[in-house]
Structure formats: structure tokens, C-alpha cells
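This briefing describes a structure in terms of its sheets, its chain interface and selected residues. The sequence and the model are shown first.

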Amino acid sequence: MIDTIYIEESIFGHPRTKEILLRFPKATPISCSNYKEIFNPSGQNFRLQKKKPSLILAEKTGHLALPIPETYGIGGKRNFYFSHMLNCLYDCRYCFLQGMYPSAHYVLFVNYENFLSDIEAKTMEDTTQPTWFFSGYDCDSLVLDGISQFVKSFLPFFKTNNNAHLELRTKSVNIKPLLENEPLENVVTAFSFTPEEISSQLEHGVPSVSSRIQAMKKLTDRGWQVGLRIDPLIDCEDFSTRYQNLFQDIFSQIPREKIHSVSLGTFRMPTTFFKKMEKLHPQEKLFSGRLENRSGTVAYRQEIERERKETCLQLLQQHIPAQKIFNCEISSSSNT
Amino acid sequence: MEGSAFFATASRFCTRELVQSVKIISDNPQSPVSGFDKSTVSSLITPAIPLLRILITEMEEIAREISPSFELDTTFQEIARLHSLSQTQEYQVQKIIRQADLFALAHSEIISIFSHSTNLKSALKHANQVLEEKRLFP
């Protein structure tokens, strides 16, 4: 799976680096002084690199947990995201990562202890209300857990810090690391969905909708809370029927009391990211849709956006109370 | 390293993944260059040529994957002959041609729109109207 592993010199001796290197005995290790030497240079082609990404092991410095865009919460008032990894195993055509990053290589920041310190500090800043931490903005939280051991490393903190809440955002069915633990009230595994007809065209390498629903079911059967992320909404043929069927499939199998939250957001992208993505995949019909440029963001025309979102809201409210549904506004740009 | 200048220059003309440098090492501490026999060069390189051919073929395939279509360019050149285009208009026309191709609209139809319109603005508008019906994601 991984042929080349770049390693920052400063973390050569880190126990997690050693563990990961043991897991890839055939990979060629190459040292570098900073991951940005490999990741940041211009003139790289994300699409070509996606065929065979390398792994970069690095140390994350500076601020590790950052505030999320204001409109991205799921009920909490204090919200932060952190990225122990950059990039994703999957290849979703709408994903903003391909517009944001110059490289498709996976970057794994091995200094989890620093992330946890920052998460603890943020939690302690205000103990009167929950603080939410979102882990799947710049990567999928679970799909590469076999390499990262992320869940095993972070869950113990949330087990002993009830005021800190964690969202794991994923399209993966790799729920084993969660099932090995007792459910935690303050951890939500949020699954992103588009209808199967869209998923099969746009979400390359992603498990089928039905297998993701099965993964959700296994989690809820074991007492874990799950979330639904209907983001991005894709304007498409048979829109109402497709989304209606998707919601029917999900809600007929997942007990609604185990669904923590549902968030909705239409496809939107900073114009600079969009142009890059369009150039990478000129044959992608998604980018030739009924879109417009609105103050630096490419999104569906307002009337279409409003109508599609309203349709989904109505369909969702047939299954789940409105208080559990959250709207991701256009000012933001993240979708798993 | 002798390859660095080559790499830096070649990277200006194409994506980095398509710039590869193959180095043939003639000497090392155990076999110093003083003992190197030039007549062995061919016999060292010849066995590696089949492997290099595979590499070249694969790289050509990858390059084709990201190269603009010749047919789209031909259509663009034809339209550019009909209208004088600013930089922005070039982008708009190229986008329309690409989308027309994506939606399986005949190139001749697009050329016809641009050749029968009195000006570029109305041609772009007309072409966009034709494409509009096909924009809904399947």
C-alpha cells in the first residue's frame, strides 16, 4: 500500500514512528527536515499522486486545535477542529482537499501527546459547557486507523474528560477500533452520505451506502451515538426520490434516538480550490453543473441551493426532529 | 547533484511527477573511477533498457491522462479564427467547448453557434443556453 515513507528527522525516535515503520517493512524510508519540503512544492499533480500516495510522518507544531467556522457546529457553543492527518484514502470528486493541498501524499502527525495537551487546555478554558472537537476535516477519521491508531490513542482522554466531546467524521466502515471499546456518551461517529447513484459516480473508493449504514447499525447496536452528514448535497436528476430513498434506508435501520445530529450543506467551494479541481478533472460533470460564483465561493445558484436544501429538510423532518438538524452555511468549505 | 538543474528546469514545463532522472552509477568506494573501463558502459546499460522502456511507456500513459484533448484544441482554434478573443473570453470559450464535449454535444454544433452569431457575446450566451439543459448531474 505504501512504497515510500518520508520521515521528519525530529521524530525519527518517536515511538509512533517506530511502530509505523515496523508495519511497512518493505517501504523505502527517506528523511527530511520538514514535511513541507515534500508536501508544499508547487507543480505537483494531485490527481497523479493520488494513484500512489506516499506517507509522510511529521510533527505538528503551533496551534493544534483551531476554532471551526461559526456555522459548522452541531449544538455546542465551543467548537474546535484538529488534524492529526492531512489527506484521505478516498478520492471524492467534490472533496476540497484536492483544491486546498498541493500534494495527495498522506501526512500523519505522530505527536498525539501535543494534540491531547492542546485539547485538554481548550477543554479546561471553560468547564461550564461542553467543548467539541472535530477530527475529520482534513482527513477521514477512521479509514487509516490501522496505520494511525488514532482511536486507540485518543479515546482514553475522552473517557476521562466528559466535558470534551469528539466527532469522528468518516465514510469508512472501519469501526473495529470503536467496537473494541465501551460506548462513550461524548463521542459521536458521523457518517457522510450522498445517495448511492451519486456516490458511485463521485466517491471513488468509498464503501457502498448500504455497507456504511450497516457499520452505523453495528455501532448503535453497541450503544454508540452516530451522526449523519448530508454534506455536500448534490443537485442531480431525481433529486427528491434519491434523497428520500437514502433517508428511508438510513432511518429504517438506525434508531433515531441514537442519531445525535444531522448536518446539511450544499456543494460549495472557494473559487481558487474549484478552479484547481476543475483543472485536475476537466471531464467531471459535477463541475459543469448549475453553479455560480458568489463572492469567492462557487456554489449552486441561490434558488437551486435554497430549493434543494428545503427539500432535504422536509424529507429529514419526516424522520427526525428539527432540533437535531444543523445547517452548514455557504461561508464555509469543509465536507468529508 | 548533477540532476538538480535538469529537474528544476524540466519542472517548469510539466508536472513534477513526469520528471524522472535515472542515474547510472559508474563507481563507488569499492570500485573507484580510476579502475573504470569505458568499454563496459554498453554492457552495463543494455540490460536495463527493457526496464527503461516500461517506465517510459507508463509515463507516456500518465502524461496522456492529464494532457488536453487535441480535438478540443482544434475546435478552439477554429473559433479563435472566427472571433478575436481576450484572455477572459479565451477561458470562456474553452470552458464551453470542454463542457459541450462532456455533454456529448457535437463539436460542429458549437462551431456553428460561433460562426452564425453576429458577435462573441451572443455566441457565448447562445452556447450556454444550449448547454443549460444538460447541466443537471446524472
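A:Gly99 is buried, with a relative accessible area of 8%; buried means under 20% relative accessible area, exposed over 50%, and partly exposed in between (1.4 Å probe, protein chains only). The model is predicted, so local features need pLDDT of at least 70 and side-chain atom pairs count only at pLDDT 80 or more, while totals for chains, interfaces and linings use all residues. Residues are numbered from 1 along each chain as its sequence is written, chains are lettered from A and ligands numbered from 1 in the order in which they are written, and side-chain values use heavy atoms, with hydrogens and water left out.

**Selected residues of chain A**

- A:Gly99 belongs to helix α4 (residues 97-100) of chain A; helices (H or I, at least four residues) and strands (E, at least two) are DSSP runs, numbered from the N terminus.
- Leaving aside residues up to four places away in sequence, A:Gly99 touches A:Phe273, A:Lys276 and A:Met277, where contact means heavy atoms within 4.5 Å.
- Between the C-alpha atoms of A:Gly99 and A:Lys324 there are 31 Å, the two residues being 225 residues apart along the chain.
- A:Met1 is found in the segment before β1 (4-8) of chain A and is exposed, with a relative accessible area of 56%.
- Not counting residues up to four places away in sequence, A:Met1 has contacts with A:Lys52, A:Leu89, A:Leu144 and A:Ile147.
- A:Ser54, in the loop between α3 (46-49) and β3 of chain A, is buried at 8% relative accessible area.
- Residues up to four places away in sequence excluded, A:Ser54 touches A:Thr4, A:Tyr6, A:His105 and A:Tyr106.

**The eight-stranded sheet of chain A**

- Eight strands of chain A form an open sheet with mixed pairing, in the order β4-β5-β9-β10-β11-β13-β14-β18; two strands pair if DSSP finds at least two bridges between them.
- The edges are β4 (65-67) and β18 (325-327) of chain A, each with a single partner strand, so one side of each is left without a neighbour in the sheet.
- Neighbouring strands of this sheet are turned by 25° against each other on average, direction ignored.
- Strands β5 (residues 78-82) and β9 (residues 131-134) of chain A pair in the parallel sense over four bridges, and A:Arg78 stands opposite A:Thr131 in β9(A).
- Helix α7 (residues 150-160) of chain A lies across β5, β9, β10 (164-170) and β11 (187-192) of chain A, at about 155° to β10(A); axes are lines fitted to C-alpha atoms, for helices over the stretch in contact, and angles run from 0 to 180 degrees between N-to-C directions.
- Helix α13 (residues 302-317) of chain A lies across β13 (225-233), β14 (259-266) and β18 of chain A, at about 160° to β14(A).

- Strand β3 (residues 55-58) of chain A runs parallel to β8(A), joined to it by four bridges, with A:Tyr106 as the bridge partner of A:Leu55.
- Strand β6 (residues 85-86) of chain A runs antiparallel to β8(A) and is joined to it by two bridges; A:Met85 stands opposite A:Leu108.

**Interface of chains A and B**

- In this interface, 19 residues of chain B are in contact with 29 residues of chain A.
- The two chains bury about 2,200 Å² between them, 54% of it on carbon and sulfur atoms; buried area is the accessible area (1.4 Å probe) that two parts lose on being put together, summed over both.
- In chain B, B:Leu102, B:Phe137 and B:Pro138 lose the most area to chain A, together 33% of what that side buries.
- The interface of chain B and chain A holds five salt bridges, a salt bridge being a side-chain nitrogen of Lys or Arg within 4 Å of a carboxyl oxygen of Asp or Glu.
- A:Arg301 and B:Glu132 meet through their side chains in a salt bridge (2.8 Å, N to O).
- B:Arg98 forms a salt bridge with A:Glu278, the closest N and O atoms being 3.1 Å apart; this pair crosses from helix α5 of chain B to helix α12 (residues 271-280) of chain A, and both residues are buried.

**Salt bridges within chain A**

- The side chains of A:Asp231 and A:Arg268 meet in a salt bridge (2.9 Å, N to O); the pair links distant parts of the chain, strand β13 and strand β15 (residues 268-270) of chain A, 37 residues apart.
- A:Asp235, A:Arg290, A:Glu307 and A:Arg308 are linked in a network of salt bridges.
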